[in-house]
Amino acid sequence: MKALIITVAGTATRFNRDTTEETLKCLYYHDSFKNCLLYQILDKARDIDEYVIVGGFLFDKLEDFIRTNLSEFKDRIKLIYNPEYSTFGSGYSLLLGLRNADPHADEILFVEGDLYFNDRDFEKIKKSEKNVFTVNHNLITADKAVVVYENTGRHLQYIYDTSHSYLNIREPFLAVYNSGQVWKFIDLPRLTAVVNNLTPEQTRGTNLEIIQGYFGNLDKSEIEMVVFTEWFNCNTVSDYMTVLSKIKK
């Protein structure tokens, strides 16, 4: 049993600076609804048993879009509302997704809902028998990147600045990457323990609280790194238009 969690609850402030009306990044499209990011992710995940989609901002539009355009996936979609989307960080959406995933799932993939990546690399993630973290070839800049680095103990450490101002690594490191913001968990008891031990402050934080708790002390032999050869994070409409040209090809 495989589950996919997609989080799309955020208010998309940067994206909506360039739109005529407020919209969800994952639903924005030109020409065909199949060109939206949410459809593109589901289309790549047709062999996964369950999709847990966690929304919040413009939730009624998300419900309507799924009902109207995603009927081919509807039997596998579990739509969850995050009432704290405007007050808590992204971690609460992941937490709700994990709490609502099928308890019989033996592996869980997590994808942030504003991403575009190619099929070939996503296949590597799905086929891997290990826990997976992903990276991409984009430049690392504080205004966009989620950083993952390997410290001298050969453990993964994640850094992200919610104010998009600066990044600070305070210890020696062996390697540093731009995170691909897609992960796979195969040790579900470990994942459950991480979730159950979150502090109230961590519950209100970013999804990296859970990611770090899970991956931070794993041995390298338990982890596979998948490098996205084509990857975009659609923070703006301009980013989406770049992605659209890729989709149409």
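I began with C36, which is buried at a relative accessible area of 0%, where buried stands for under 20%, exposed for over 50% and partly exposed for in between (1.4 Å probe, protein chains only). The model is predicted, and I kept to pLDDT of at least 70 for local features and 80 or more for side-chain atom pairs, while totals for chains, interfaces and linings use all residues. Residues are numbered from 1 along each chain as its sequence is written, and side-chain values use heavy atoms, without hydrogens and water.

Cysteines. I looked for disulfides, meaning pairs of cysteine sulfur atoms within 2.5 Å, and the count was zero. For C36 the nearest cysteine sulfur is that of C26, 6.8 Å away; C26 is buried too, at 3% relative accessibility.

Aromatic rings. I searched the whole structure and found 18 aromatic pairs, taking rings of Phe, Tyr and Trp (its six-membered ring) with centres within 6.5 Å, and calling planes under 30 degrees apart stacked, over 60 edge-to-face and the rest tilted. Y149 is buried at 6% relative accessibility, whereas F173 is partly exposed at 40%.

Y214 and F215 are also edge-to-face, with centres 5.1 Å apart and planes at 70°, and both residues are buried. I then noted R190 over the face of Y214, 5.5 Å from the ring centre, the rule being CZ of Arg within 6 Å of that centre and within 35 degrees of the ring normal.
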